Amino acid sequence: MNRHSMNKIAAPAFEQDWSRPVPISLREAFWFWLKLGFISFGGPAGQISIMHQELVERRRWISERRFLHALNYCMLLPGPEAQQLATYIGWLIHRTWGGVIAGALFVLPSLFILIALSWMYIAFGEVPVVAGLFYGIKPAVTAIVVQAAHRIGSRALKNNWLWAIAAASFTAIFAFNAPFPLIVLGAAVIGYVGGRLAPEKFTSGGHGAARKSFGPALIDDDTPPPAHARFSGRKLALLLLVGAVLWALPMAILTAVFGWHGTLTQMSWFFTKAALLTFGGAYAVLPYVYQGAVGHYGWLTPTQMIDGLALGETTPGPLIMVVAFVGFVGAYVLQVFGADQAFLAGAVAAALVTWFTFLPSFLFILAGGPLVESTHNELKFTAPLTAITAAVVGVILNLACFFGYHVLWPNGFSAHLDWPSALIAIAAAIALLGFKRGVIEVLLGCALVGLVVHLLR
């Protein structure tokens, strides 16, 4: 299963129970969402698969059709679709607080784990054993990004028009260093115009209608939307007002304390913009993050960015949680609170960038959920989003080139190619693309190989 298609979902191995499940309490839901936050490995495909197995097949909190209907909507949004899907289901079952709890617990375990790992990386990154592990992980990350470009491209580039958009976006960012937001905007305009001139070239569907039943569900195909899931203009206006306050208040405090150009203020503003550009998932926004965090602001080095992505791949939660690593390292190294409170600065920055990155995701679900519940018809990707997805392929390919350069030629093209890194990258690519091995498995194997090579040098 991938981001845009859930072709086949295995039937449950247990004997089917056709009794309708009893209503669940918010306490019971809390413990489930907390557990999910700690076991949500495998990127969006793995996370969505876990939720389907638990919520549709095993617990039957929601039917297959309603689950995929919600997922279709989440696919249309910028942001991490698995976290948004958890928020949607939590909201549908237990109102606003249920959605907030589900979405927050999907993120918080990863935040705390990444804060701890980021500190260990800064404090012990030069220790030979740790350095050796990261020596093997870096080329594996390059192969993982290549795999992401292949995975998205294989389903997104369905005709020559979309191939041309992907090639143009790669050229724009690789040769002309065009800003990522400008590429997204250009692709959207092309998609809008192209959708009118040649609609058949820009048609892309979401998940198909469900044909499988796992027994009666708490929220079944014919269950009417609960009262809180019905559209209300007054509720929408109130929600938007609350969201604006939740964004503006911390931003105003940061500006008053540190100034608009202060590191924490600029991080918060930068990742607010990033949150609105994550069409296509975390791999799509990573080029924007490295353009800003590495190139423009200098919060961390290219090598640190690659290492941060490796940590993000090996922790539960959305991959976009790599922003917590960026925030931690940037504030820690720049000693925003002084040399004696470097850890505190890093932890505060990681929490802040997580807040500003995920706040829009909650608003998209809580505001748009009632509109989605008003119809159970299949949602379709619009032509602009189809074009944006095609452009994302070119952008991710450029990211692979960026990582490959810094990993295979760490001292620049004038120096020699790092042959051990090149061999590890090739082996990782073969394992991922040829043998379909898991990301965690490949990272661990490459880390051990890298450790051996590093210690034998």
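**Reading burial, cores and salt bridges**

Tutor: Asp-418 counts as buried, at 12% relative accessibility. Buried means under 20% relative accessible area, exposed over 50%, and partly exposed in between (1.4 Å probe, protein chains only). This is a predicted model, in which local features need pLDDT of at least 70 and side-chain atom pairs count only at pLDDT 80 or more, while totals for chains, interfaces and linings use all residues. Residues are numbered from 1 along each chain as its sequence is written, and side-chain values use heavy atoms, with hydrogens and water left out.

Student: Which residue forms a salt bridge with Asp-418?

Tutor: Side chains of opposite charge can pair when their charged atoms come close. A salt bridge here is a side-chain nitrogen of Lys or Arg within 4 Å of a carboxyl oxygen of Asp or Glu. The partner of Asp-418 is Arg-457, with the closest N and O atoms 3.2 Å apart. Arg-457 is exposed, at 61% relative accessibility.

Student: How many salt bridges does the structure hold?

Tutor: It holds seven. One of them joins Lys-138 and Asp-307, at 3.1 Å from N to O. This pair links helix 5 (residues 128-156) to helix 11 (residues 302-313), and its members are 169 residues apart. Helices are DSSP runs of H or I, at least four residues long, and strands are runs of E of at least two, numbered from the N terminus.

Student: Are Lys-138 and Asp-307 buried or exposed?

Tutor: Both are buried. Arg-65 and Asp-221 form another salt bridge, at 3.7 Å between the closest N and O atoms. Arg-65 is partly exposed, with a relative accessible area of 36%, and Asp-221 is partly exposed at 36% relative accessibility. A network of salt bridges also links Lys-35, Glu-54, Arg-58 and Arg-59.

Student: Which residues have the most contacts inside the largest nonpolar core?

Tutor: Nonpolar side chains tend to be buried together in soluble globular proteins. A nonpolar core is a set of buried Ala, Val, Leu, Ile, Met, Phe, Trp, Tyr and Cys residues joined through side-chain atoms within 4.5 Å. The largest one has 99 residues, and those with the most contacts inside it are Val-141, Phe-271, Leu-300, Met-305 and Phe-403. Helix 14 (residues 383-408) gives the largest share of this core, 16 residues. Apart from this core lies another, of 39 residues, including Leu-55 and Phe-106.
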